[in-house]
Amino acid sequence: MAASENQVQTGPIKAAGLGSTRAEWRANWPVVAAATTGVAISTINIYSVGLFIAPFEADFGWSRGDISFGPALAGFATILTGPMIGLAIDRFGPRRVGLMGAVVITILTALLSQITSDIRSWWAFWVLLAAINAFVQPTVWTAGVSGFFNASRGLAFAITLCGSGLASLITPVLTYQLIEQFGWRGAFVGLAVFWGLIAIPMILFFFTSQIDVNRRAVKAGKIERAKPPSGGLSVLWSRSFVQIALGGFLIASVVVPLVVNLVPVLTWNGIDRSHAAEIAASLGIASIAGRLVVGHLLDRFDGRVLAAVSVCLPMGASLLLLAFPGSMPMAFAGVILLGLTLGAELDLVAYLTSRYFDLDRFGLLFGVIGALITLAGGAGPWVVSLVYDHSGSYRPVLLAAFPMCLAAAALFASLKPYRVMTPKPAAAT
């Protein structure tokens, strides 16, 4: 059955009881745990790159714009790779895609220690990372989880995507300590070893999907081979999909660049680098809290309203940083607001995608959205660094958050009502 847009009834799952929720978790919690580590390993370079800016400036004399152009390349490339990986997920299942991606991205992260003073070596590695990063994007992990949860899908997505929060909590401090102890080259190797030893075994032994379950059933002769999903590409320009995709892109263009450049932004704001790294670590706690709270609420309230409210929080963060420069309490409060939005936005977009459209096209649809969000996360920090290189200030970036957040809120709030459907088994290939 092709993907179709649902515009019938707004709200959470009314018929599902507590027993249904508990049954979903009893049967499928290992999949969520493994998917959480997969999300974490997908972010190691995003949350560490800001800590390498100062060492690169000192050792190589590179500008911040030149350094940030590497992650920007990955963002541009994801526009092509994201939808392709989404199609592969729908065809072959997320387990095969995610396991290969986790292994290769660990190796590439370690190899970043071998870059030279030629800025092109830095950019070349990011081109390679761009090719592999799509294999470990949240699309992969949420696609695996979505087929096992219906009554508690919002919370399942939230816990899965908490991997990003865990990484943002651990990676900045870990990177800072590794750089201090072993230099920036040793830090890349240390990051790869740390996250590889955590994520790869979890994915190998516990991550699966409905497609993988059905494939094993086909081999055992329990069910017949189903046809893979076909058609339905017109949904990519449906009104609801465009609104969700554009809203996700806008809020990611605000939050991710600020998060990636958080330590430089805070030091520009008058806070020394060590304290800035400590404040940045609170981002992880806030993002985890934001995801869990929003995930819990999504199974009970209208996701459109939750999305519209959540994407307005970065305006508060920008206001606090602009109004109280050098204030650690205000900087801490601003980072908390950023973390709450960081925790909520991807969960909200994934949830809305799964509710407006059939799950047999979730990989493609969320792959396209994920590509746009990754583009924002890659190109945004580059643009932010260029603004700083030319103006010596992050003030224009903080001011730009206001219209972009309001536009994203309007897109989510004006979505048509969605209805909740019981998921059907995915096709085995």
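A residue is called buried when its relative accessible area is under 20%, exposed when it is over 50%, and partly exposed in between (1.4 Å probe, protein chains only). Gln 243, at 8% relative accessibility, therefore counts as buried. Welcome to this predicted model, in which local features need pLDDT of at least 70, side-chain atom pairs count only at pLDDT 80 or more, and totals for chains, interfaces and linings use all residues. Residues are numbered from 1 along each chain as its sequence is written, and side-chain values use heavy atoms, with hydrogens and water left out.

**Around Gln 243**

- Gln 243 sits in helix 9 (residues 239-260); helices here are DSSP runs (H or I, at least four residues), numbered from the N terminus.
- The side chain of Gln 243 makes a polar contact of 2.7 Å with the side chain of Arg 239; a polar contact is a pair of N or O atoms within 3.5 Å, and within protein one must be able to donate a hydrogen and the other to accept it, while residues adjacent in sequence count only if both atoms are side-chain atoms.
- A polar atom of the Gln 243 side chain also lies 2.9 Å from the backbone oxygen of Leu 411.
- Beyond its neighbours within four places in sequence, Gln 243 is in contact (heavy atoms within 4.5 Å) with Leu 411, Ser 414 and Leu 415.

**The nonpolar core**

- A nonpolar core is a set of buried Ala, Val, Leu, Ile, Met, Phe, Trp, Tyr and Cys residues joined through side-chain atoms within 4.5 Å.
- The largest such core has 124 residues, and Phe 56, Trp 122 and Leu 266 have the most contacts inside it.
- Helix 7 (residues 153-206) gives the most to this core, with 14 residues.
- Not counting residues up to four places away in sequence, Leu 266 touches Ile 271, Ala 276, Ile 279, Leu 321, Ala 331 and Val 335.

**A loop residue: Asn 269**

- Asn 269 is placed in the loop between helix 10 (262-268) and helix 11.
- Asn 269 counts as buried because its relative accessibility is 6%.
- Leaving out residues up to four places away in sequence, Asn 269 touches Leu 321, Phe 324, Pro 325 and Gly 326.
- Asn 269 and Tyr 394 are 125 residues apart along the chain, yet their C-alpha atoms are separated by 8.5 Å.

- Helix 12 (residues 303-310) is mostly covered, with six of its eight residues buried.
- Those buried residues are Gly 303, Arg 304, Leu 306, Ala 307, Ala 308 and Ser 310.
- They pack against helix 11 (273-298), helix 13 (313-323), helix 14 (328-356) and helix 16 (395-413).

**Salt bridges**

- Side chains of opposite charge can pair when their charged atoms come close.
- The count comes to two salt bridges, each being a side-chain nitrogen of Lys or Arg within 4 Å of a carboxyl oxygen of Asp or Glu.
- Asp 302 forms a salt bridge with Arg 304, with the closest N and O atoms 2.8 Å apart, and both residues are buried.
- Asp 118 forms a salt bridge with Arg 120, with the closest N and O atoms 2.9 Å apart.
- Asp 118 is partly exposed, because its relative accessible area is 29%, whereas Arg 120 is exposed at 56%.

Terms used: Helix = DSSP H or I, 4+ residues; strand = E, 2+ residues; numbered from the N terminus.
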